[in-house]
Amino acid sequence: MSVDHDAEVMQAARARRRVALGLTFVLMVIYFGFLGLIAWNKSLLGTQLTPGLSLGLLLGAGVILACWILTWLYVRWANTHYDPLLSRLRSDEGSR
Amino acid sequence: MTDAGTLGSPSLVAKLFFAAFLAITLAITWWAARRTRTPDQFYAAGRSITALQNGFALAGDYMSASSFLGISGLVSLRGFDGLIYAAGGLVGWPIVLFLIAEPLRNLGRYTFADVVAVRLRQVPVRVAAAIGTLATVLLYLIAQMVGAGGLVRLLFGISYEMAVVIVGAAMIVYVLFGGMLATTWVQIVKAILLLAGAVILTILVLLQFGLSPVQVFAAAAGAEGAQVLAPGALIADPVDAVSLGLALMFGTAGLPHILMRFYTVPDAQAARRSVFYATLLIGAFFLLIVIIGYGAMVLVGPERIRTADPGGNMAAPLLAELLGGQAFLGFIGAVAFATILAVVAGLTLSGAAALSHDLWVSVVRRGSPRPGEELRVARVTTLLLGALAVLSGIAFEGQNVTFMVGLAFAIAASGNFPALILSMFWRGCTTMGAVAAMVTGTLGTMLLIWLSPTVQIDLLSREVAWFPFRNPAIVTMPLGFLAGVLVSLVSPEEAARSGFEAMQRRASLGEDFSR
């Protein structure tokens, strides 16, 4: 197998790692930001935007929504970029 | 309704529902038993589970009785504070997806130790991983068994010991004969029943409030005061809050019975899709739980909930009885019982895999077991773990063991997770480094829990606790990583270093392309 091909496989692994770590970082900021508000600014989270809907409840639901959106983004990236790259690399190996 | 309802008096409907669940799951086990003849089938359902099925099974593993009854109860008594657990319960799943699911599927066969050991020396890694696995699995198992005994006594009115024995016996039958295939389908059936129960209960609540969740929250604030919509006393210390958050976020990615599920699907792509489905289902479930909790606060009232069970666990069943009558209470009770059964089956299977696959086959037999031996050992260890679960369930009767689930998450985040991450992503990781991460994370977490207020003050009634926080992950998770890195640096290992590229290839392209 050529050096170029091997380098491309490593590049694919690096690309996935970059996306994975980037999304992990975004989620950590969101979740620990939420926890930080709970710990340090309880009264702000108790503010009711409309009767019944406090900012805390809205942000809590927002954390769940963020989990959905980030997993969806990752799956979409993997389906449109990562999988085609992998199947090309696999077929390269098949035809060696 | 003026009295405390009919909780605890044996309801015929509940028994019928539970009998129906047992009949269905035993039929599944009988069907699965004929497809469980090899280790691949026993541990990994012959890789025959689809992404959607695995999504439901993963969600089922996570939607335990403690999240259904416990979190809805916490919301019903303390309002917003319960939501902290609901949101925290979900954030682990994207992490599993981003960092773990795909490479794990490509690198391992049955256990997470397979992955850590890919380019490292087998024996030390397997022993350390088995310690990490058994610690998490046993703690989780004991908490489930004790919870089961208490809940079933409240819901069905049978004795605690009887409940623990029924749970243990049914679970052993599923795992022993039906292996992962039966365990997975029991989990899927239960996940669907539990979600259906939660959806119906939520709709019944919303019908009382013009179909608006915000109206439910407003009514809760009207009845119990506006503070129920804001953070309360649960998270008093910011450091403890972050520490709990770390354990919830990264612990999921180190739970052996969750990781094992990724081996049941055909390939890494299916593993990826299954986490996406699981995240959707669990997120939806937690949103429903919050509405159910506030609904119980308004309609049942904290006082009645506390009378039935001081911890709030009976909030959802009481609400079910109030809105749906005896029949619906019976259904919810049977589902809660089924939930515990399915979760303990998955836990026992992953514990048996650590003992048979990691310790017996890879350490005692050095990777070459005698024909048929691996399956036999797996079944013997299933029996042993099942018996141990029943005995410890009885031994811990009446003890407050809820901290054990948190402890299991903290160990998973501090030991198993760092070892997985370092071995998969860092070239310089060595055998001794991975072992150090797992041992330091596991033992360090147990030590700090022992020294924490949870054990010293709450359980042993001492005056002071040496370690100030209830959640140790903020110390032990960095400690696990640090031990892994430092020990790797002082114990260079040429084979581990040069094996990194081959591992990366296999982690990306799959097992068929390893050289």
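The buried residues of α1(A) pack against α2 (42-46) and α3 (55-94) of chain A, and also against α5 (80-107), α10 (238-251) and α21 (500-509) of chain B. This is a predicted model, where local features need pLDDT of at least 70, side-chain atom pairs count only at pLDDT 80 or more, and totals for chains, interfaces and linings use all residues. Residues are numbered from 1 along each chain as its sequence is written, with chains lettered from A and ligands numbered from 1 in the order in which they are written.

**Helix α1 of chain A**
- Helix α1 (residues 3-40) of chain A has 38 residues and reaches 54 Å from its first C-alpha to its last, close to the 56 Å expected at 1.5 Å a residue.
- Helices here are DSSP runs (H or I, at least four residues), and strands are E runs of at least two, numbered from the N terminus.
- Among the buried residues of α1(A) are V9(A), R16(A), Y31(A) and I38(A); buried means that 20 or more other C-beta atoms, placed from the backbone, lie within 10 Å of a residue's own.

**Contact between the chains**
- Chain A gives 43 residues to the contact and chain B gives 46 residues, with contact meaning C-beta atoms, placed from the backbone, within 7 Å.
- On the side of chain A that touches chain B, α3(A) supplies the largest share, 18 residues.

**Nonpolar core**
- The largest nonpolar core has 238 residues, of which V116(B), V167(B), L319(B) and V344(B) touch the most other members.
- Such a core is a set of buried Ala, Val, Leu, Ile, Met, Phe, Trp, Tyr and Cys residues joined through C-beta atoms within 7 Å.

Notes:
The expected span of a helix is 1.5 Å times one less than its number of residues. A residue is buried if 20 or more other C-beta atoms lie within 10 Å of its own, exposed if 12 or fewer, and partly exposed in between; C-beta atoms are placed from the backbone. Two residues are in contact if their C-beta atoms, placed from the backbone, lie within 7 Å.
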